[in-house]
Each structure stands twice: as C-alpha cells, then as structure tokens.
Amino acid sequence: MASVGLTNVRKSYGALQVVHDISLSVDDGEFIALVGPSGCGKSTLLRMIAGLEDISDGEVTIGGTVVNAMTPRERNIAMVFQSYALYPHMTVGENMGFNLKLAGVTKPDIATRVGEAARMLALEDLLDRKPSQLSGGQRQRVAMGRAIVRDPAVFLFDEPLSNLDAKLRVQMRTEIKALHQKVGTTSIYVTHDQIEAMTLADRIVVLNAGRIEQVGTPMELYRTPANLFVAGFIGSPAMNLLDGTIDGENDRPVVRLAEGSAIDISPLRKVRRGQSVKLGLRPEHLTAGGDNIGGETLLVEPTGAQTHVLFEFAGQQMTAIVDGDHPVRHGTQFRAGIDKNLVYVFDRESGVSL
C-alpha cells in the first residue's frame, strides 16, 4: 500500500488547459472517489496518476516517490477499466494470471495468487470458463481479480460499473467496498454517479471544469456543500434552488422570494439585508402537510418506500420526497413545511455557501 500525492498538477493540450493546478493528498489505505460531470477532467487526472497521460506541469508521488518520469509498470499500480478487456481465448484463471506470467512469476506462485483472489471474489467455480460464458458482473470481477493478483500499491478504477445494469451496479458496489475492507489497498475511483461515490468512498473530490470544487467525506459534502455546484451535484434528487433577497431583522432573517413569500433561515447564516441569494431546499427536508410552501402537484413518482412529488411553487418546479403511504395525486394542491435549520443559502453572484 502507499499514499498518493498531487502537487500543482496541470494538463494542457496545446493552448487548451483541461486540468488546472490540482493538489490532493490521498492517505495510505484510503478510498477516494473523483466525481463530476462529463468533461470535468476526472479520467484525465486518473490517467496521469497511472502514467497513461503525460503531466504538463506539477508532481505526482506514490509512496513518497516522484513518479512523473516512471512508466505505468514501474509505478506499481493496477487499473480496472470500464471495459473488461479480457482475452476471449483464455480461461478466467489464465486471464487473472496472465500479467504475472509475463512478469516471470513461477507457476506455483501464480496458482496461489489466482486462487486467493478467486476466493475473495467468489470466482473459484468459474476459473475454467471462458469470458463468453460469464455474465457482465462476473467479467468485471475477473478484471478486478486480475488487478488484485498483482498486489499493487494503488488501485485505480475508471468508471468500472458503467456497462452494468442497475441491479448489477448495486451488487458490484457492495463487492468493491467489501474488497477494499479486506485488502485495504489505497484506491482512487472515478465515476460520474454521485450515489456510487457516496456509498463507496472515505472522501469525495468534486471536480468541475478541471478544478477541485470541494473535498470531504460524503456526509460533509451533503450537509455542508461549499458552493452551488457541489450542492446541486451531491444529493438525489437534486436540491431545489430559488432566487431571493435577504430581508428581516438580524436575529430573524428571511429570504424574500420574487413572488413575495418569505422563508425563514437560521440566524447563524452570514448574510446581510438586501443581499441577492439562492435559497436551497433538499427534497428530503420538505415535510408533507406543512404550511410554508406549496402549489399544484405536477407529477407523482412512487418508488416504494418513498414517493417523489413534483409541484409548482414561486413560478418553478420543486421536488419533495414524502413517505410512500402519503396520499398525493396529480392536479391537487401539495403543501410542505420547512425547518429553517435545514435551509441552505448561497450568494447568487459567487455561488459560495453563506
């Protein structure tokens, strides 16, 4: 195992800079997720750590050693890609042990390592099968097993679950987390799916346009987003956002909305009267049956234990999450209560949390 460090790392393609001066420390044994929308630079950053992309400027260290000039093989990392990249003519066991064979490892040692990885990933009964005889989830486990047998210092995952269906993605998330708990290898995981990041990672790095917006534990990012971008990206369904202006007394501030209604906010918020703000309300924090906000129900989406309600308020669509047994119908009036301590406020111009 090893720590990973990025210091002022940049990546440019000619005049186009796609990664801007990123610094990050990943502790030995930590599981870090890199998240953000398509084109934010997360896969490019991972490939620079792996040595598959040249670094335009800055420094990458693995285990305290600068690796900028090292080849991927010399960095002692193992990478799991979105595509399984298995050899179709080889068995599962041969696929898992192939890199060890190329490295000159003896047959008994290869058999031992492959056997240990197979037990860890529940592949023991599949070692003699070809990839064409496996499901998508089994193929991804083989790709992970191929990485495990190398006993690398760092695991790098580049959206490994994107090709799987919803049920398999949930199953593989569980297996990846269990694997990390068993082996404890430093892991960096790239995904555009914030649910994957929240459930897997010790810390999440939110990227936007090649820059880090915020780094923190999943609950830190959920409870205290640094800005509008993080607030809108972390949480599903996304946070409701409304334009407003700070009003009221210093010990009892409110956000005055354009249509005239006022929403109480915590006096601990660092706001000033007349300030233009964005008011943030998470769907799960809206209490059905309250009397703070409401409007016509536009859409009802039952999901089982919960129901997602889309309703109109202050001239825009809002989402609330209510108990699955709560009666709500399309076209009726939906009312919701708000706890002022669960209201988010952001400066409208800068986007910074207040």
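This is a predicted model: local features need pLDDT of at least 70, side-chain atom pairs count only at pLDDT 80 or more; totals for chains, interfaces and linings use all residues.
1. Basis. Local features need pLDDT of at least 70 and side-chain atom pairs count only at pLDDT 80 or more, while totals for chains, interfaces and linings use all residues. Residues are numbered from 1 along each chain as its sequence is written, and side-chain values use heavy atoms, with hydrogens and water left out.

2. Annotation. An unreviewed UniProt entry places "domain: ABC transporter" at residues 4-234; such annotations may be inferred rather than shown by experiment. Over residues 4-234 the chain is 36% helix and 26% strand (DSSP runs: H or I of at least four residues, E of at least two).

3. Largest pocket. Its volume is about 550 Å³. Of its 25 lining residues, Ile77, Ala78, Met79, Asn99 and Arg150 are the closest to the centre. Strand S6 (77-80), helix H2 (92-102) and helix H4 (136-148) each give two or more residues to the lining. A pocket here is an open set of points on a 1 Å grid with protein on both sides within 12 Å along at least five of seven lines, and lining residues have an atom within 4 Å of a point.

4. Cavity. There is one cavity of 30 Å³ or more, a cavity being a set of points where a 1.4 Å probe fits but cannot get out. Helix H5 gives the most to the lining of the largest cavity, with four residues. That lining has six nonpolar, two polar and no charged residues.

5. Salt bridges. The whole structure has nine, each a side-chain nitrogen of Lys or Arg within 4 Å of a carboxyl oxygen of Asp or Glu. Glu30 pairs with Arg203 at 2.5 Å between the closest N and O atoms. Glu30 lies in the loop between S2 (16-26) and S3 (31-35) and Arg203 in S9 (residues 203-208), so the pair ties together parts 173 residues apart in sequence. Glu30 is buried at 10% relative accessible area, whereas Arg203 is partly exposed at 22% (buried is under 20%, exposed over 50%, partly exposed in between; 1.4 Å probe, protein chains only).

6. A second bridge. Arg273 and Asp247 meet at 3.0 Å, N to O. Arg273 is exposed at 59%, and Asp247 is partly exposed at 22%.

7. Strand pair. S14 (residues 276-281) and S19 run antiparallel and are joined by four bridges; pairing requires at least two DSSP bridges. Val277 has Asp347 as its bridge partner in S19.

Note on methods. Grid points are joined across faces, edges and corners, and a volume is the space filled by probe spheres set on the points. Ala, Val, Leu, Ile, Met, Phe, Trp, Tyr, Cys and Pro count as nonpolar, Asp, Glu, Lys and Arg as charged, and the others, Gly among them, as polar.
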